[in-house]
Amino acid sequence: MSKGLVRSGPDLFSFKSAKHRAEKFLMPQKDFKKNILCIGAGYVGGPTMTIIANKCSDYKITVVDISKERIAAWNSNELPIFEPGLKDRLLKVRGKNLFFSNDIDTSIDQADIIFVCVNTPIKKFGEGAGKAVDLQFIEQTARRIKENSKSNKIIVEKSTLPVRAAATLENILHSGNEKVRFEILSNPEFMAEGTAVRDMEFPDRVLIGSKDTPAGLAARQELVDLYLHWVPKENLITTNLWSSELSKLVSNGFLAQRISSINSIATLCEVTEADVTEVSKAVGKDSRIGPKFLNAGPGFGGSCFRKDILNLVYLCEHYQLNEVASFWEQVVSLNDYQMEHYVRRILQAMFNTLAGKKLAVFGFAFKPNTGDTRDSPAIYICKRLLEEKAYLRITDPQALKNARNDLQDLENLEFVEDPYKAAEGVHGIALITDWAEYSKLDFQEIFDKMEKPAFIFDGRNQLNRLALFDIGFNVYSVGKAPLTHF
Ligand SMILES: NC(=O)c1ccc[n+]([C@@H]2O[C@H](COP(=O)([O-])OP(=O)(O)OC[C@H]3O[C@@H](n4cnc5c(N)ncnc54)[C@H](O)[C@@H]3O)[C@@H](O)[C@H]2O)c1
């Protein structure tokens, strides 16, 4: 009998302690100054809240999402996104003051400040399709906040929204709910994927837009206090709500416009034997212009640039500012042209036919140091190469899972982790993403195992073109005359 008890003892004990450990992991262990909630556990929500949790141990941060899979991934060892330095930061605070949860409704009720980080894609249907922002996720979030709030809250727009979206949010939140007051702030995110951790830890600026009312200014001060935990005061910019909302669209517009500007010049360089790298260096040395975002390439990508510019275009059209709208629309048209131009150059170089030829695609993410492929130029370029009946071997250090998804249902392609294997027996290499590891590859070894004549299309001007030419490659760099052995 006593033996039996002894036997059952440890089981019971270990069950209790496991439960206790689980609860300890899920529940906050101390009193926190404020409860922050983030709705949307994506590329912005996850990293932003990780950094805030690291910098503000006196705040409890909860991140929720409608995707149970995403929340489970944030609670696991396999984070849903790859971002250098993120996992280290996350492991320091997860279960201490950072929590990922599926319980959206309770978390809303308990929150003092709610960051809205849901996606705001381009509308694919109805009025404004292809340009306007699809605000359905924002509206669903606002309704859910309204339904589950028993106390006043500050709502922070972190998602990128059209200018004056805060007015819509406010209408939804306050309709039929007289007792609870919501103060809306705009706090757009300026981080770039691939450098998100650094961008958030050392931001150029943090922008906070608010109403110029006592309640608006008080809410603004709460957010200022949060950021002052690590952001120098001089890097905090406060504006009215509409300036803040618009500044995010304009920032992305200006960045993308620089890329389209240099890409347009790259095409001119290719036919005039000017060299776009030299031109961009000469131009960027002008302190009024500056050197950044002047690298020619196969076109910009990522989830934001195209959508934010098209949103700007849509807004201008809405206000009947047609000349302004067409100015910004041209930035996107030029980008479409640039991707197509990259494909045509491959086609022309390879004797005007790709049928039956094999091509290795180096890089599929829209930029290095991320696995994100949303709106990556690689998607368009690969689809076009497949249309031309090329056979593709795609390689990327982080983005193959997403690449498989983007190109599902398509044939004549394979996904290969090792770039050497990807290039074996191919007629040409198309380098689309400038992962640092590609510069370190042994291109002599690669060349030796390729079909001849061997071509390389360096879409990022990343590689040493003279060395490649000496090896025997026919080298096509963006914005430079080709180096060929014909
Ligand atoms: N990714 C970037 O580099 C970046 C940079 C700056 C700003 N932004 C902006 O930030 C916002 C979010 O972008 P992202 O890249 O993180 O998007 P994302 O798609 O990676 O993440 C959004 C998340 O929101 C969740 N979601 C949608 N509706 C929801 C709801 N009603 N309730 C709870 N969760 C919901 C989705 O399931 C998803 O996990 C967008 O407006 C984007 O334009 C993105």
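Q: What makes the crossing of α2 and α4 left-handed?
A: In this predicted model, α2 passes α4 in a left-handed crossing, and the word is used because the near helix is turned anticlockwise from the far one by less than a right angle.

Q: Why are α2 and α4 called oblique to each other?
A: The axes of helix α2 (residues 45-55) and helix α4 (residues 86-93) cross at roughly 55° and come within 9 Å. Angles under 35 degrees count as roughly parallel and those from 65 to 115 as roughly perpendicular, with the rest between them being oblique, and therefore α2 and α4 are oblique to each other.

Q: How do you know that α2 and α4 meet, and which residues are involved?
A: Residues are in contact if their C-beta atoms, placed from the backbone, lie within 7 Å, and by this test Pro-47, Thr-50, Ile-51, Ala-53 and Asn-54 in α2 meet Leu-86, Arg-89, Leu-90, Lys-92 and Val-93 in α4. By class, this contact of α2 with α4 holds 6 nonpolar, 2 polar and 2 charged residues.

Q: Why are α10 and α11 called oblique to each other?
A: Helix α10 (residues 241-272) and helix α11 (residues 276-284) have axes that cross at roughly 135° and come within 9 Å. An angle has to be over 145 to count as roughly antiparallel, while roughly perpendicular covers 65 to 115, and therefore α10 and α11 are oblique to each other.

Q: What is the hand of the crossing of α10 and α11, left-handed or right-handed?
A: The crossing of α10 and α11 is right-handed, a word that applies if the near helix is turned clockwise from the far one by less than a right angle.

Q: Which residues of α10 and α11 meet?
A: On the α10 side they are Ile-262, Ile-265, Ala-266 and Cys-269, and on the α11 side Val-276, Val-279 and Ser-280. Sorted by class, the contact of α10 with α11 has 6 nonpolar residues, 1 polar residue and no charged ones.

Q: What makes α12 roughly antiparallel to α13?
A: The axes of α12 and α13 come within 8 Å and cross at roughly 165°. Since angles over 145 degrees count as roughly antiparallel, that crossing makes α12 roughly antiparallel to α13. In this crossing α12 passes α13 in the left-handed sense. The contact includes Ile-309, Leu-310 and Val-313 of α12, together with Val-324, Ala-325 and Trp-328 of α13, and its residues divide into 10 nonpolar, 1 polar and 3 charged.

Q: Which peptide bond is cis, the one from Lys-452 to Pro-453 being described by what omega?
A: The bond from Lys-452 to Pro-453 is cis, with omega near -5°, whereas most peptide bonds are trans. Pro-453 is found in the loop between α17 (443-448) and β13 (455-458).

Q: How many residues are in contact between domain 1 and domain 2?
A: Domain 1 spans 25-231 and domain 2 spans 307-477, and 16 residues of domain 1 are in contact with 14 residues of domain 2. The side of domain 1 that touches domain 2 has 10 nonpolar, 3 polar and 3 charged residues.

Q: Which residues come nearest to the ligand?
A: Among the 25 residues around the ligand, Gly-40, Gly-42, Tyr-43, Val-44 and Ser-159 come nearest. The residues of this shell divide into 10 nonpolar, 11 polar and 4 charged.

How values were computed. Residues are numbered from 1 along each chain as its sequence is written. This is a predicted model: local features need pLDDT of at least 70, side-chain atom pairs count only at pLDDT 80 or more; totals for chains, interfaces and linings use all residues. Domain bounds come from an automatic or database domain assignment. Two residues are in contact if their C-beta atoms, placed from the backbone, lie within 7 Å. Ala, Val, Leu, Ile, Met, Phe, Trp, Tyr, Cys and Pro count as nonpolar, Asp, Glu, Lys and Arg as charged, and the others, Gly among them, as polar. Axes are lines fitted to C-alpha atoms, for helices over the stretch in contact, and angles run from 0 to 180 degrees between N-to-C directions. Helices (H or I, at least four residues) and strands (E, at least two) are DSSP runs, numbered from the N terminus. A residue is near a molecule or strand if its C-beta atom, placed from the backbone, lies within 6 Å of it.
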